[in-house]
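This briefing goes through selected side-chain interactions and backbone features of one protein model. Please keep the structure open while reading.

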Amino acid sequence: PEAYALLKADMLAHVQGRELFVQDLYAGADPIHRLDVRVVTELAWHGLFIRHLLRRPERAELDGFSPDWTIVNVPSFKADPARHGTRTGTAIVLNFDEKTVLIANTAYAGENKKAVFTVLNYLLPAKGVMAMHCSANHATGNPVDAAVFFGLSGTGKTTLSASPDRTLIGDDEHGWSDRGIFNFEGGCYAKTIDLSPEAEPEIYATTHRFATVVENMVFDADTLELDFSNRSLTENTRCAYPLDAISNASATGLGGHPRHVVMLTCDAFGVLPPIARLSPAQAMYHFLSGFTSKAAGTERGITEPQPTFSTCFGAPFMPRRPEVYGKLLQAKIAKHGASCWLVNT
C-alpha cells in the first residue's frame, strides 16, 4: 500500500498543471453487469482510442456520471522500482480498494482496454458470469444462434467473428451470464499487418475512415498513405474503430447462449488437426492449457512462431485461479448444450 500511494502521488505530481483528456465511458452491454469507467489520459489519441473501444453513454447520462473505476494513464512518467515497488519503469497497477488503475511509461494504447478487461475478469465470476477472451457473433436476424471464438492475439478472433454472413457482437472481450452473452466493449482493435481490401474489406475500410486510430504503422509523409506490409517498427500494427464502422455489427452487443464454442489455436508445428469436434472434457483441457504458437507481431521480439501455453486463452488478464474460469465455462456448456470445436488457424 505504501509503494502504491507513492506511485500515485508521484504520477499526479508529474502531471500537475498539464492538459489531460478525460472520457466517461462504460464496459458491458448488459446493463445488469455494466461497469462505469473514467479514463484520464495524457495523450489525446489515447482518449480517442478508449472512446472507440469502450461503450459510450448517452449524453443525458453524463451529467450524473459517477465512475465505478478510474484509469490514470501517464506514458511520460517512469516508475522507480526501488521507490514504487514495481518490477521495471513500466507499470500497470490495479488497486481494488481504491478502484483505480495506474498506467506508466508505456504509450501502447491496448493497456487502457486490457486494464478494464482485467477488472471485469476478477469481478464477474463472483456473480456467476463467465468472463471470456473471445470474439462473438450470431446468425443474422437471430441473436439466439450465437457462437464464441476463444483465442490468443493473432489466431483469427477478429477475422472470423467479422464474417459478413453473420452479425458481429464483438471481437475480443465478452461475458456469458444467465441471460446470454454480451460484449464488454464498443469497438474493435484489429491487426493491420498485410491487411488487404480483398481478404478483409470491412476491416480494411476502417483504416480510411475518419477518426480511426492507427497504431504502429508506417505511412508516407507526403501522401499519408499507409504501408500495410511494412514491419520495420513492429509486426503488431493495429487500428481501433467503433463497432458501428462494421456494417453487420450488432447494435445491442447482446446474443443468446452460444450454440458453438470454438477454440482457436495457431499450431505452427503440424501437431493438431485443422478442425476437430471436442467432448466437454477435451474442451476443458484445451481451454485450461491454451496451447498456441506465439505469432509474429503479438509480442516484442517474436519474429518466428514459438509454442506457448496461455491458460484460458488470456492468462495475463485472468487474475483469478484458472479453475474458477474452467468450472464456470464447463457449467455453462453443460447447461446450454453448446457444441465445442478446436480450429487450427
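Is arginine 321 buried or exposed? Arginine 321 counts as exposed, because its relative accessibility is 57% and the exposed class begins over 50%. The model is a predicted one.

**Salt bridges**

- The count of salt bridges comes to 20.
- Arginine 321 meets glutamate 323 in a salt bridge, with 2.6 Å from N to O.
- Glutamate 323 has 33% relative accessibility and therefore counts as partly exposed.
- Salt bridges with shared partners join Lys113, Lys114, Lys157, Asp172, Glu173 and Glu185 into one network.
- Glutamate 173 and lysine 114 form a salt bridge in which the closest N and O atoms are 3.5 Å apart.
- This pair links distant parts of the chain, with glutamate 173 in strand S9 (residues 173–177) and lysine 114 in helix H5, 59 residues apart.
- Glutamate 173 is buried at a relative accessible area of 2%, and lysine 114 also counts as buried, at 14% relative accessibility.
- Aspartate 194 forms a salt bridge with arginine 231, and the closest N and O atoms are 2.4 Å apart.

**Aromatic rings and charges over rings**

- The whole structure contains 12 aromatic pairs.
- One of these pairs is formed by tyrosine 204 and phenylalanine 228, with 5.1 Å centre to centre and 35° between the planes, and is classed as tilted.
- The tyrosine 204 and phenylalanine 228 pair links distant parts of the chain: tyrosine 204 is in helix H7 (residues 201–206), and phenylalanine 228 is 24 residues away in the loop between strand S12 (213–215) and strand S13 (238–242).
- Phenylalanine 228 counts as buried because its relative accessibility is 12%, and buried means under 20%.
- Phe117, Phe182, Phe184 and Phe317 are linked into a cluster by ring pairs.
- Lysine 114, the salt-bridge partner of glutamate 173, lies over the face of phenylalanine 317 at 4.5 Å from the ring centre.
- Arginine 34 lies over the face of tyrosine 26, at 3.8 Å from the ring centre.

- Helix H5 spans residues 110–123 and includes tyrosine 122.
- Asparagine 121 also lies in helix H5.
- Asparagine 121 has a relative accessible area of 0% and is therefore buried.
- Beyond its neighbours within four places in sequence, asparagine 121 is in contact with Ala131, Phe184, Phe317, Met318, Pro319, Arg320 and Tyr325.
- Among these contacts, Phe184 and Phe317 are members of the ring cluster.
- Tyrosine 122 counts as partly exposed, at 33% relative accessibility.
- Together with Phe96 and Leu123, Tyr122 forms a nonpolar patch on the surface, and the accessible area of the three residues is about 230 Å².

**Helix H8**

- In helix H8 (residues 280–289), the buried residues are Ala283, Met284, His286, Phe287 and Ser289.

- Most residues other than glycine have a negative phi.
- Asparagine 216, a residue other than glycine, has a positive phi near 70°.
- Asparagine 216 is placed in the loop between S12 and S13, and is partly exposed with a relative accessible area of 32%.
- Leucine 224 likewise is a residue other than glycine with a positive phi, here near 65°.
- The place of leucine 224 is in the loop between S12 and S13.
- Leucine 224 has a relative accessible area of 58% and is therefore exposed.

How values were computed:
Residues are numbered from 1 along each chain as its sequence is written. This is a predicted model: local features need pLDDT of at least 70, side-chain atom pairs count only at pLDDT 80 or more; totals for chains, interfaces and linings use all residues. Side-chain values use heavy atoms; hydrogens and water are left out. Patches are made of residues with over 30% relative accessible area and no salt bridge: like charges are joined within 9 Å, nonpolar side chains (Val, Leu, Ile, Met, Phe, Trp, Tyr) within 5 Å. Accessible areas come from the Shrake-Rupley method with a 1.4 Å probe; for residues, only the protein chains shown count as cover. A salt bridge is a side-chain nitrogen of Lys or Arg within 4 Å of a carboxyl oxygen of Asp or Glu. Helices (H or I, at least four residues) and strands (E, at least two) are DSSP runs, numbered from the N terminus. Buried means under 20% relative accessible area, exposed over 50%, partly exposed in between (1.4 Å probe, protein chains only). Rings of Phe, Tyr and Trp (its six-membered ring) pair if their centres lie within 6.5 Å; planes under 30 degrees apart count as stacked, over 60 as edge-to-face and the rest as tilted. A charge sits over a ring if NZ of Lys or CZ of Arg is within 6 Å of the ring centre and within 35 degrees of the ring normal. Contact means heavy atoms within 4.5 Å.
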